[in-house]
Amino acid sequence: MRVLVAPDKFKGSLSASQVADRLAEGLAEAGVDSDRLPLADGGDGSIDAALAAGFTPHPVTVAGATGTPHYGRIAVHDGTVVVEVADTCGLATLPGGRRAPLDASSLGMGQAIGQALRHHPTRLVLALGGSASTDGGMGMLAALGFTFADADGRQLRACGRTLHQVHTVDASRTVNLSGIEIVIAGDVTNPLTGPHGAAAVYGLQKGATEADLQFLDAGLRTLVEAFTRSGYPHARCLADAAGAGAAGGLGFAALLLGARMVSGAKFFLELLDFDGHLPSTDLVITGEGSIDEQTEHGKLLTALARRAHPVPVIAVTGRNTLSRNRWAPAGFEYIHALGDYTDRNTAADPELTGKILTRIGRRIGRSTTAVAAPTAG
């Protein structure tokens, strides 16, 4: 029996590669061979997934979320470059992990894109999960040559704190992105502003107070007005588009650059050639940190299960709230939850998570070998 271990990350605990390694370790202990294909859905972990699929890492030095120099990576292969917010200026780049909801910037993302252009890409993939800022993409655009000024013509620092001061935008000295397909790979459908916008929905997890949320949302509206008066009459339409609110408004900025939105789950399954692994596969083991009712609505695991059919799929998760009668419709033969193996909280305990994943891999391996074993004649 050949098993394909193709999980996403367990956010806050283990990367997709680490999850795959621990499950594969358990399978090996049960005598089952496996191939590993760490996955991503366009969020944090996309660089790691691309590297596992054969992309080449290239180091970049950029400004972290609050300006501290940060050493990140981009992934390059055959004309495609993957650039990730989390690996450039995301939450993980905050000094000491201290949130800075008003002063964090997406500048590092733009700097990474600038360095990606040295590889002469024909396609630029933007992975927008794990951001630390709500700056409407001002930082990214500033790094690409946009300048933002207040009503008196004074140039502004690009961050959430200055959004409400933006009056005009100058795009006369921006880098040339013509001939490059820009793809936003993700599943966030929020608009830029309003009750379902970037600040209202994601601001709290970036450390914003209720007052900050109102301040940032008003600032994002001001930014849209500034673009409109500066020669972007379609700015309001783009701000209302599904996905404009991704990564604190980086989705909006990318749309201004001509990017198109695609399903992160489907895009990365294709980019990593998931279908190409299926002909030699008897069982797929996938997983992520949490499985719930939202998993059924086009998320990575159910997209994978649909593509894998009729190969059976077993899911492993930290927390599962999907009722048993929904497993089969979602495409899962079985779901193993870490919470069924311990009373301790595994979410912030990588060591415990890894041990249980190995145990689950061993259990799955033993059950498959038992099924596959010939009966005595």
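**Ser 13**

I began with Ser 13 in this predicted model, and found that its side chain makes a polar contact with the side chain of Thr 353, at 3.1 Å. I then looked up where the residue sits, and Ser 13 turned out to belong to the loop between S1 and H1. Is Ser 13 buried or exposed? I noted a relative accessibility of 15%, and since buried means under 20%, Ser 13 counts as buried. Setting aside residues up to four places away in sequence, I listed what Ser 13 touches: Gln 18, Thr 346, Ala 347, Asp 349, Pro 350 and Thr 353.

**The sheet and its helices**

I next traced the open sheet, in which 5 strands follow the order S2-S1-S11-S12-S13 with parallel pairing. Strand S2 (33-36) and strand S13 (334-337) each have a single partner strand and stand at the edges, so one side of each is left without a neighbour in the sheet. From one strand to the next, I recorded an average twist of 25 degrees. Looking at one pair in detail, I found S12 (residues 313-320) running parallel to S13 and joined to that strand by 4 bridges, and I noted that Ala 315 has Ile 335 in S13 as its bridge partner.

Which strands does helix H1 touch? I found that H1 (residues 16-29) packs on the sheet against strand S1 (2-5), S2, strand S11 (283-291) and S12, and that the direction of H1 makes about 170 degrees with that of S2. Helix H11 (residues 300-308) also packs on the sheet, where H11 touches S11 and S12, with its direction at about 165 degrees to that of S11.

**Nonpolar cores**

I looked up the largest nonpolar core, which has 55 residues, and the members touching the most other members are Val 83, Met 109, Leu 128, Phe 148, Phe 227 and Phe 252. For Phe 148 I checked the contacts beyond four places in sequence, and these include Met 138, Leu 141, Val 166, Leu 223 and Phe 227, along with Arg 154 and Gln 155.

**Gln 115**

My last entry concerns Gln 115, which I located in helix H3 (residues 107-116). Gln 115 counts as buried, at 15% relative accessibility. What does the side chain of Gln 115 reach? I found the backbone oxygen of Thr 61 at 3.0 Å. Leaving aside neighbours within four places in sequence, I recorded Pro 59, Val 60, Thr 61 and Val 62 as the residues in contact with Gln 115.

Terms used. Residues are numbered from 1 along each chain as its sequence is written. This is a predicted model: local features need pLDDT of at least 70, side-chain atom pairs count only at pLDDT 80 or more; totals for chains, interfaces and linings use all residues. Side-chain values use heavy atoms; hydrogens and water are left out. Two strands pair if DSSP finds at least two bridges between them. Helices (H or I, at least four residues) and strands (E, at least two) are DSSP runs, numbered from the N terminus. Axes are lines fitted to C-alpha atoms, for helices over the stretch in contact, and angles run from 0 to 180 degrees between N-to-C directions. Contact means heavy atoms within 4.5 Å. Buried means under 20% relative accessible area, exposed over 50%, partly exposed in between (1.4 Å probe, protein chains only). A polar contact is a pair of N or O atoms within 3.5 Å; within protein, one must be able to donate a hydrogen and the other to accept it, and residues adjacent in sequence count only if both atoms are side-chain atoms. A nonpolar core is a set of buried Ala, Val, Leu, Ile, Met, Phe, Trp, Tyr and Cys residues joined through side-chain atoms within 4.5 Å.
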